[in-house]
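Please look through the sequence and the model shown below, and keep both at hand while reading.

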Amino acid sequence: MAHVNPHFQQLPGSYLFSEIARRTAAFKEANPDAPLIRMGIGDVTQPLAPAVVAAMHAAVDDLAAPESFHGYGPEQGYGFLRDAIAEHDFAARNINVSADEIFISDGAKSDCGNIGDIFSLDAKVAVCDPVYPVYVDSNAMAGRAGDWDAAAECWTNIYYMPTVPENNFVPALPDEPVDLVYLCSPNNPTGTVLSRADLEKWVRWANEHDAVILFDAAYERFVTEEDVPRSIYEIEGARTCAIEFRSFSKTAGFTGARCGYTVVPKDLVRDGQSLRDMWNRRQCTKFNGASYVIQRGAAAVYTPEGERQVEATLDVYRGNARVICEGLKRAGFSVWGGVNSPYIWCATPEGMGSWEFFDLLLNELAIVTTPGAGFGPAGEGFIRLTAFNTPEATQEAITRIQTRFA
């Protein structure tokens, strides 16, 4: 008989955002006329940039004519997009990344989950706590996480690095051997960042220990402060120890369109094997590439008009983040993030748990947030809010919170 993967059976409960959706649906069913404001899942609300839409329309027209039709594309991504990324995201910032080190995908979430395919199942994984659930759950599904400890609410073979106010949300270097380290800056969920000095410390450590940093830079375009790197490859030595993931979802509104990319440098070698070549083989075997239409849209982000339009949209979300941070502080809450990030990390009222505060905001104020406990043990006592709603809805949500808690 066919047997199932036993590691799936150890996964605790439902996926965080599925549970949020379940509770939100129950609230809507009981309160169909409630003016619900969603500040939980990080989904965007502003439409795609006009330049992007125009490029996608033109690409659809390409598919309608025999002379311009495109069937299967390169698994690594079309050259026009990889070249644009290499030029604008890296060369323009004096970062050494070539087009053939860039792999286009349907998003950073997929790549963060799939990257484990090229590493040994006995690799020791380190994650920040709180943590984006995909880093942990994908390794648990593969059998790399050990056993689920329900009492401690963690996996026995995952090395957890607390990132909390007491250490300024900067993880300490591991005090035991680890092989893979997930770092995310700007961070999801805390909205905090790693400085240049922080990343220099991590790159030195990784090269000294032959570890690999899996660097999630999905929110890099929100960075405004000079001392905050937008790519780990700004750090000397990173090409021999780091893989970087990027996304068009939050930066250009592609949450529904789906497009991202991963950078695997040619210099990155372990056990005598090129990780770039291994990832290329993995993609060629398991992935047929993002669609031609979507990649044409993504390439339009790098045109002068596309750049201006995307920045204008990002300014909307940056403005929302300021409204949330300032409003919550006026209401008496302690908050972090929201400066180089669309996420705001907020401490719950004293004595109140994350899910308890989530339920209060949902049931009393019709506001959907994300409970910090869903991101790991160190997330208990916090909630995450996103800046991706409209300015009007964002201001209304903060007004409701200030009225209730002032």
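Glutamate 236 is exposed, with a relative accessible area of 80%, where exposed means over 50%, buried means under 20% and partly exposed lies in between, for a 1.4 Å probe and protein chains only. The model is a predicted one, in which local features need pLDDT of at least 70 and side-chain atom pairs count only at pLDDT 80 or more, while totals for chains, interfaces and linings use all residues. Residues are numbered from 1 along each chain as its sequence is written, and side-chain values use heavy atoms, with hydrogens and water left out.

Glutamate 236 has its place in the loop between β8 (212-216) and β9 (242-247); the helices (H or I, at least four residues) and strands (E, at least two) are DSSP runs, numbered from the N terminus.

A quite separate picture is given by strand β3, which spans residues 125-129 and is mostly covered, with 5 of its 5 residues buried. Within β6, proline 162 is the bridge partner of aspartate 129. Strand β3 also pairs in the parallel sense with strand β7 (residues 180-184), over 2 bridges, and in β7 the bridge partner of alanine 126 is valine 181.

Next come two peptide bonds to proline. The bond from aspartate 129 to proline 130 is cis, with omega near 10 degrees, and proline 130 is found in the loop between β3 and α5 (133-142). The bond from serine 185 to proline 186 is likewise cis, with omega near -5 degrees, and proline 186 lies in the loop between β7 and α6 (196-209).

The backbone angle phi also deserves a look. For glutamate 153, phi is near 55 degrees, a positive value in a residue other than glycine, and this glutamate 153 sits in the loop between β4 (148-149) and β5 (154-155). Glutamate 153 is partly exposed, with a relative accessible area of 46%. For alanine 366, phi is near 60 degrees, again a positive value in a residue other than glycine, and its place is in the loop between α11 (354-365) and β15 (367-368). Alanine 366 is buried, with a relative accessible area of 6%.

Key
Pairing = 2+ DSSP bridges.
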